Amino acid sequence: DCKKRFVLSPIPKIKGNEKLVCLAMDCYYKGLSYRDISDQFRQFYGLSLHHETIRRWILRFSEVMEKYSKELKPQTSGVWNADETLILTKRGKTKDQPNKNFDYVWNVIDNESKFLLASLNSGRSRKSKDAQRVMKEALKQNNAIPKEIITDRYAGYQDGISKTFRNWGNQRKVRHTSIVGKRKFVNNNAIENHHTLQKEFHKVRKGVTKVQEYQDGFKVYHNFIKKGTKDKLTPAERCGIKLEGNRWNTLLLNSIKESKKPK
């Protein structure tokens, strides 16, 4: 009578359901290609899905889940590791940088829990303002000023940390530690190990165009899905954030529910 149709699935107008969306995301962020996932669905579920459909699912729901995850405040150690790395892209070379096919991605991770607080793409730019941007993003997620930030030798971090936390003179709140000449006492292993996993993920892709979107999705996967080999806990669980049942499914449904709330 009301000219409306009702479905049981929380994600209407898709060829499949939320469980298949979660399976697609799990397979993708664990290394399978879009075509591999499409073939898997055809063989095991008799469902014919074009690889472009799966690509749209991944990008759409990675964005939804990352937006929701930013509202969750982890209980972190107060010691951060920060570093930048290069990601191969497919968006082509530019006139002013004809020999570069890489973008910079800046990451900030909690030293103890390995919770990824921020992951930002700055394109071909590597400046102190980019370091400042990622520090601001990490502060929004963490919701508390850290006690210490560990970085490599890049001088831009000093400027980025100072401007973000007003870290100068007698008002110095955050200790900035560079690992240069101090590797026997302090290291940046937490963030360097993360970069190794990140590069393995991108190696299968052989370059991406939407760098930030995939970084958002990989951040969700790293924080809430991937468990440690020793303690069998996700970084989110180490920070007091628990997801009951299927982690992908719970996170997706909570994200969709939150996105529908009036602002």
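A crossing is left-handed if the near helix is turned anticlockwise from the far one by less than a right angle, and right-handed if clockwise. Helices are DSSP runs (H or I, at least four residues), numbered from the N terminus. The model is predicted: local features need pLDDT of at least 70, side-chain atom pairs count only at pLDDT 80 or more, and totals for chains, interfaces and linings use all residues. Residues are numbered from 1 along each chain as its sequence is written, and side-chain values use heavy atoms, without hydrogens and water.

**Exercise 1.** Describe how α1 and α9 pack.

Step 1. The axes of α1 (residues 18-29) and α9 (residues 247-259), lines fitted to C-alpha atoms over the stretch in contact, come within 9 Å and cross at roughly 120 degrees; angles run from 0 to 180 degrees between N-to-C directions.

Step 2. Angles under 35 degrees count as roughly parallel, over 145 as roughly antiparallel, 65 to 115 as roughly perpendicular and the rest as oblique. α1 and α9 are therefore oblique to each other.

Step 3. The crossing of α1 with α9 is right-handed.

**Exercise 2.** Find the contacts of tryptophan 248.

Step 1. Contact means heavy atoms within 4.5 Å. Trp248 is among the α9 residues that meet α1.

Step 2. Neighbours within four places in sequence aside, tryptophan 248 contacts Cys22, Met25, Asp26, Tyr29, Met65, Val220, Tyr221 and Ile225.

Key. Helix = DSSP H or I, 4+ residues; strand = E, 2+ residues; numbered from the N terminus.
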